[in-house]
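Here are my notes on the model, point by point. Please keep the structure open while you read.

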Amino acid sequence: MPSQSPQPVSDADISALRAAVASRLSATIAELSSLVAIPGIAWPSFPQEELERSASSALELVRSAGIADAEILRAPRPDGTPGGPAVVARKPAAPGQPTVLLYAHHDVQPPGDLALWETEPFVATERDGRLYGRGSADDKAGLLVHLAAFRAASEVLGERFGIGVTLFIEGEEEFGSPSFRAFLEEHRKKLAADVIVVADSSNWAVGQPALTASLRGLADGTFEVAVLGHSVHSGVFGGPLLDAPTILARLIATLHDDHGSVAVAGLVAHDDADVDYPEDQFRRDASVLDGVQLAGTGSIASRLWLKPALSIIGIDVPSVDVASNTIQARARAKFSLRLAPGQDPDAAMDALRHHLEAHVPFGAQLVFTPKEKGNAYRADMDSAAARTVLWALEESWGTPPVHSGMGGSIPFIADLKEVFPGADVLITGVEDPDSRAHSANESLHLGDFEKCIVAEALLLAGLHRAPATAV
C-alpha cells in the first residue's frame with residue numbers, strides 16, 4: 001500500500017529524528033516513571049495535593065524540554081469551584097508558519113482494587129517490554145510523547161523548526177473535564193492553533209498504528225423505580241407485590257432486542273466502517289469468555305464505532321451480604337449510552353427517557369436523572385494535516401495506519417472544534433488493546449511508545465516544512 005501522503009521530510013532528517021528519539025529513550029522512560037509515581041487523581045475524594053504535585057512535575061518537565069513560557073492555569077467548574085491544574089506552554093511560530101496544539105492530561109484514574117494489581121499501581125515497573133503502572137499509558141505517556149517529539153524536532157531542525165508549538169496538559173480529564181469549555185474560552189488566545197493533536201487514544205494493535213477517525217458521543221445518568229413508601233417484610237407482603245429490583249430488572253431488559261441491539265427508538269446508527277474488526281480478535285482483546293455470544297448486528301467495527309451502545313454500569317440495591325428479608329421499595333441503575341456520529345445528545349437523552357416511561361412495568365414510579373452529555377466526532381481524513389500524520393505513522397511503524405474508530409467518547413473534542421473551528425483535530429494513540437487503561441495492571445508497550453514519539457517528531461517536522469496555508 002503506498003504512503004498516505006508524499007514524503008514531506010528529507011531522508012536525512014528522518015534518520016536524524018529517529019536517532020535523536022532513540023538516544024534519549026531511556027531518559028524519556030525515566031521521566032515517565034517519575035510521573036507514574038505521583039497519584040494525581042482529580043476526584044475530590046482523593047488528596048488534591050497529589051494532583052497539584054502532578055501538575056508541578058509536569059511543568060518542570062516541560063521547562064526542561066526547552067519551553068520557558070510555561071505556567072499552571074485553571075478555569076472555574078460549572079459549580080464555581082476551581083478546575084484542575086493544567087499546564088500550558090508556548091513556543092511561538094515563525095512568520096508564515098502554523099501553530100500546533102499538543103494535548104494530553106496528567107491526571108489519572110483511581111487505582112481501584114489493589115488486590116487485582118500484579119505490581120504497585122504507582123511504581124512504574126518494566127516487564128516483558130511493557131511499563132506497568134497507573135497512568136503509564138493513559139495519559140502520562142501522551143505527555144512524554146509530546147515532550148520527547150518536541151525535543152527531537154528542536155535538536156534536529158534547529159532554526160528550521162519554525163512552527164509554533166503549544167502544550168496543553170489538562171489536569172481533570174479522568175474526572176470528566178468539568179472546566180474544559182470554560183478553560184478554552186478563558187485562555188482562547190494562548191491555545192489558538194491550526195492543528196490540534198490529541199494523544200489520548202489507542203492504536204489498532206501492537207505494531208499496527210491507527211489514526212482515530214471517529215468517536216462515539218455520550219449520554220449518561222440514572223433511572224430509579226419505586227413501588228413502596230418504604231420497604232416491607234417479604235413474607236408478610238410478598239406475592240401480590242413485586243419488589244423494586246425485579247421491576248428494575250424487567251425494565252432494563254427492554255433496552256435491547258433479541259439480537260442484543262439497542263431497542264430505544266430514534267437513535268442514529270450507521271453500518272459503514274472503513275475497516276473490519278475480526279470477531280476472534282475482538283474476543284481476545286475484550287477477554288470474552290468461551291460460549292458468550294456477541295450482541296447486535298452488522299460488522300463488529302460498525303457495532304463498536306458507528307452504532308449506539310447502552311450499558312448498565314451500576315445498580316443500587318442491597319448487597320447479598322447484607323440483604324434482609326424485605327421487599328425493597330426502590331432500586332436505581334446508572335446507564336452509559338454511547339452515541340453514533342451524527343446523533344444529537346439531547347435527542348438521545350429524550351429518546352431514552354421516553355422509552356423508559358413507556359416500558360416501566362406494573363405501574364411503578366420512575367425517576368429519570370440525566371447527567372453528562374457529549375457529542376460524537378468524525379474526522380476529515382483528507383485534510384493536509386491528516387495526510388501528514390498518516391505519512392508519519394506509516395514511516396515510523398513501517399506499515400500503513402488503520403483509519404480506526406473508537407467506541408469510547410472524548411466529549412471535549414467537540415468543544416475544541418467549536419472554539420477553534422478552523423483547526424484540524426488529529427487523535428493519535430499511545431495505547432494498544434492490552435494497555436488496560438482504567439483497569440488494574442495498566443501498561444504501555446515500550447516499543448510502540450518509541451514509534452509514537454518518532455511519528456510525532458516526523459509530524460512536527462512535516463508541518464514545519466509545509467506552507468502555513470496547507471494546514
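1. Glycine 164 is buried, with a relative accessible area of 0%. Buried here means under 20% relative accessible area, exposed means over 50%, and partly exposed is in between (1.4 Å probe, protein chains only). Glycine 164 sits in strand E6, residues 164-170. Helices (H or I, at least four residues) and strands (E, at least two) are DSSP runs, numbered from the N terminus. Leaving out residues up to four places away in sequence, glycine 164 touches Lys91, Pro92, Ala93, Pro98, Thr99 and Val100. Contact means heavy atoms within 4.5 Å. Proline 95 is 69 residues from glycine 164 in sequence, yet the C-alpha atoms are 9.6 Å apart.

2. A word on the basis of these notes. This is a predicted model: local features need pLDDT of at least 70, side-chain atom pairs count only at pLDDT 80 or more, and totals for chains, interfaces and linings use all residues. Residues are numbered from 1 along each chain as its sequence is written, and side-chain values use heavy atoms, with hydrogens and water left out.

3. Is glycine 133 buried or exposed? Glycine 133 is buried, at a relative accessible area of 0%. Its place is the loop between E5 and H4. Setting aside neighbours within four places in sequence, glycine 133 is in contact with Val36, Trp117, Pro121 and Glu442. Aspartate 415 lies 282 residues from glycine 133 along the chain, and their C-alpha atoms are separated by 30 Å.

4. Look next at the peptide bond from aspartate 138 to aspartate 139. That bond is cis, with omega near 0 degrees. Aspartate 139 is in the loop between strand E5 (130-132) and H4.

5. H4 has 18 residues. From its first C-alpha to its last, H4 reaches 26 Å, close to the 26 Å expected at 1.5 Å a residue. The expected span of a helix is 1.5 Å times one less than its number of residues. Of the 18 residues of H4, 16 are buried, so the helix is largely enclosed by the rest of the structure. Glycine 158 follows H4, and its phi is positive, near 55 degrees.

6. Helix H2 covers residues 25-36. Its 12 residues should span 16 Å at 1.5 Å a residue, and its end C-alpha atoms are 16 Å apart, which agrees. Which residues of H2 are buried? They are Leu25, Thr28, Ile29, Glu31, Leu32, Leu35 and Val36. Seen down the axis of H2, these buried residues fall within an arc of 155 degrees, so they line one face of the helix. The arc is that of the directions from the helix axis to the C-beta atoms.

7. Now the H2 and H4 pair. The axes of H2 and H4 (residues 140-157) come within 10 Å and cross at roughly 150 degrees. Axes are lines fitted to C-alpha atoms, for helices over the stretch in contact, and angles run from 0 to 180 degrees between N-to-C directions. On the H2 side, Thr28, Glu31, Leu32, Leu35 and Val36 meet Lys140, Ala141, Leu143, Leu144, Ala148 and Arg151 of H4. By class, this contact has 7 nonpolar, 1 polar and 3 charged residues. Ala, Val, Leu, Ile, Met, Phe, Trp, Tyr, Cys and Pro count as nonpolar, Asp, Glu, Lys and Arg as charged, and the others, Gly among them, as polar.

8. Helix H12 (residues 384-397) is mostly covered. In H12, 12 of the 14 residues are buried, including Trp391, Glu394 and Trp397. H12 reaches 20 Å from its first C-alpha to its last, close to the 20 Å expected at 1.5 Å a residue. Glycine 398 follows H12 and has a positive phi, near 80 degrees.

9. Check two residues other than glycine for backbone geometry. Serine 287 has a positive phi of about 55 degrees. Serine 287 is in the loop between helix H9 (279-286) and helix H10 (300-305), and at 57% relative accessibility counts as exposed. Phenylalanine 362 also has a positive phi, near 55 degrees. Its loop runs between helix H11 (345-359) and strand E14 (365-374). Phenylalanine 362 is exposed, with a relative accessible area of 63%.

10. Last, aspartate 258. It is exposed, with a relative accessible area of 83%. Aspartate 258 is in the loop between helix H8 (244-253) and H9. Glycine 296 is 38 residues from aspartate 258 in sequence and 8.8 Å away in space, C-alpha to C-alpha.
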